[in-house]
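Good morning, and thank you for coming. Please look at the structure now.

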Amino acid sequence: MLAQILVVEDDPHLGPLLKEYLSADYLVHHAATLRDAQAWLGTHSAQLILLDLNLPDGDGLDLVQALRQYSSTPVLVLSARSGVQERVAGLNAGADDYLTKPFAMPELDARITALLRRTAAGTGVNLGNTSLSTSSLLLTVNDKNVNLTEHEARILELMMRTPERVFSRADIESHLYGWETPNSNSVEVRISQLRKKLEHAASDLRIRTIRNVGYVLQA
């Protein structure tokens, strides 16, 4: 399962370059403004955010501080602000790492790998009597383990992190694949499989269908 990375960079050369370079190993979305990044994060989840600070519509640190109100997604700052005070301010705002520009791609690779490895080691979400480990794809209900497929785990993680939120089929498809598949019933099939596994394990969680709208997880 490829990790999803959000690159927030307004430089017209560096932004596309990072997307092209990282797309060999990751799913990558590029946003050039704070507004675009916030809009994308409203409907998608990322395993890592690469964040420039000097953006045309605001300071990247504002995004970090807002993100930390509801998410622990790792943030790697990429900035020309190279002073000690600037680096300390970035880390204090909630960034997990700080790389000053210009930087070498091998060093960027190493830092991304380290952050994703650190996150995977402790990746998990709990709700009610149910726990999900997204690194091992293991669902645990009252100490009973249930194996999930990668797509089942990603759908359930998305819904467990924001219970009571309605997700459309397009939301879930974008989360899984990065695009919509209008002629596919794959989401319906995986939701059905998840329901059966949750019910069989006696989980407190229930996935409810909102007719013509989408799906919502209730605990």
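Let me begin with a term: buried area is the accessible area, taken with a 1.4 Å probe, that two parts lose on being put together, summed over both. The size of an interface is often given in this way. Please bear in mind that the model before you is predicted.

The protein is divided into domain 1, residues 3–121, and domain 2, residues 124–218. Their C-alpha centres lie 27 Å apart. How much area is buried between domain 1 and domain 2? The value is about 620 Å², and carbon and sulfur atoms give 39% of that. Six residues of domain 1 are in contact with five residues of domain 2.

Salt bridges do occur in the structure, which holds 10. In one of them, lysine 101 is paired with aspartate 52, and the closest N and O atoms are 3.3 Å apart. Lysine 101 lies in the loop between β7 and α5, whereas aspartate 52 lies in the loop between β3 and β4, so the pair ties together parts that are 49 residues apart in sequence.

Finally, consider strand β7 itself, residues 97–100, which runs parallel to strand β6, residues 75–79, and is joined to β6 by four bridges. Valine 77, for example, has tyrosine 98 in β7 as its bridge partner. Between the two strands the chain passes through helix α4, residues 84–93, and this β-α-β crossover is right-handed. Thank you for your attention.

Methods:
Residues are numbered from 1 along each chain as its sequence is written. This is a predicted model: local features need pLDDT of at least 70, side-chain atom pairs count only at pLDDT 80 or more; totals for chains, interfaces and linings use all residues. Side-chain values use heavy atoms; hydrogens and water are left out. Two strands pair if DSSP finds at least two bridges between them. A crossover is right-handed if, with the strands pointing away from the viewer, the path from the first strand over the helix to the second runs clockwise. Domain bounds come from an automatic or database domain assignment. Contact means heavy atoms within 4.5 Å. A salt bridge is a side-chain nitrogen of Lys or Arg within 4 Å of a carboxyl oxygen of Asp or Glu.
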